[in-house]
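My notes follow in the order of looking.

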Amino acid sequence: MAAEQLRSSLPQGREHIVATVDEIASGDHKVVPIGRYGVGVYNVNGTFYAIANYCPHEGGPLCAGRTKGQTVADAGVPGGAREVRPGEFIYCPWHQWGFELATGTTAVKPEWSIRTYPVRVEDDKVIVTA
């Protein structure tokens, strides 16, 4: 989202209807102008998550990164690793730090978790409290 759009941000600390369920397809996201950096709203297999569009490592635009699963060691597959929980993690486009969308935690430096926001769906509307 362009910086000028984020400057005219929505007020913080309240509920915002950010989309209808159909507007954010499974595996997709939308950045909405809430707060200083915006909030990314993600649909992971029908469950919605909202995170701050800000990487705590060096301030990168986190929501410009890609979502994928978590890589785990598995000696039973070629290459010795496989992906689990597809689409549940966001990776910063600057340095590839990965964060869990549901909790905001990272294995890289757990004390540098990202901010998450409550999301609920009501009458086909996706509502974020931020």
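Helices (H or I, at least four residues) and strands (E, at least two) are DSSP runs, numbered from the N terminus. I noted that this is a predicted model, in which local features need pLDDT of at least 70, side-chain atom pairs count only at pLDDT 80 or more, and totals for chains, interfaces and linings use all residues. Residues are numbered from 1 along each chain as its sequence is written, and side-chain values use heavy atoms, with hydrogens and water left out.

**Entry 1: the open sheet**

I looked up the strand order and found an open sheet of three strands, β5-β6-β7, with antiparallel pairing. At its edges are β5 (66-73) and β7 (98-100), each of which pairs on one side only. From one strand to the next the twist averages 55°; the axes behind such an angle are lines fitted to C-alpha atoms, for helices over the stretch in contact, and angles run from 0 to 180 degrees between N-to-C directions. I then checked β6 (residues 81-91), which pairs with β7 in the antiparallel sense over three bridges. Tyr91 has Gly98 in β7 as its bridge partner. Lys68 also turned up here: its charged end sits over the ring of Tyr91, 5.2 Å from the centre. The rule for this is NZ of Lys or CZ of Arg within 6 Å of the ring centre and within 35 degrees of the ring normal.

Is β3 buried or exposed? Six of the six residues of β3 (residues 39-44) are buried, so the strand is largely enclosed by the rest of the structure. Buried means under 20% relative accessible area, exposed over 50%, and partly exposed in between (1.4 Å probe, protein chains only). Val39, Val41 and Asn43 point one way from β3, while Gly40, Tyr42 and Val44 point the other way.

I followed the pairing to β2 (residues 29-32), which runs antiparallel to β3 and is joined to it by four bridges. His29 has Tyr42 as its bridge partner in β3. The hairpin of β2 and β3 has six residues between the strands, and Gly35 takes a positive phi near 75° there.

Six antiparallel bridges join β3 to β4 (residues 47-52). Gly40 has Ile51 as its bridge partner in β4. This hairpin has two residues between the strands, and Asn45 takes a positive phi near 55°.

**Entry 2: cysteines**

How many disulfides are there? With a disulfide taken as a pair of cysteine sulfur atoms within 2.5 Å, I counted zero. The sulfur of Cys92 is 3.8 Å from that of Cys55, too far for a bond. Cys55 is buried at a relative accessible area of 1%, and Cys92 is buried at 2%.

**Entry 3: aromatic rings**

Rings of Phe, Tyr and Trp (its six-membered ring) pair if their centres lie within 6.5 Å; planes under 30 degrees apart count as stacked, over 60 as edge-to-face and the rest as tilted. I counted two aromatic pairs. Tyr37 and Tyr54 form a tilted pair, 4.5 Å centre to centre with 35° between the planes. Tyr37 lies in the loop between β2 and β3 and Tyr54 in the loop between β4 and β5, so the pair ties together parts that are 17 residues apart in sequence. Trp97 and Trp112 form a tilted pair, 5.6 Å centre to centre with 35° between the planes. Trp97 is buried at 13% relative accessibility, whereas Trp112 is partly exposed at 29%. Lys109 lies over the face of Trp112, 4.2 Å from the ring centre.

How values were computed:
Two strands pair if DSSP finds at least two bridges between them.
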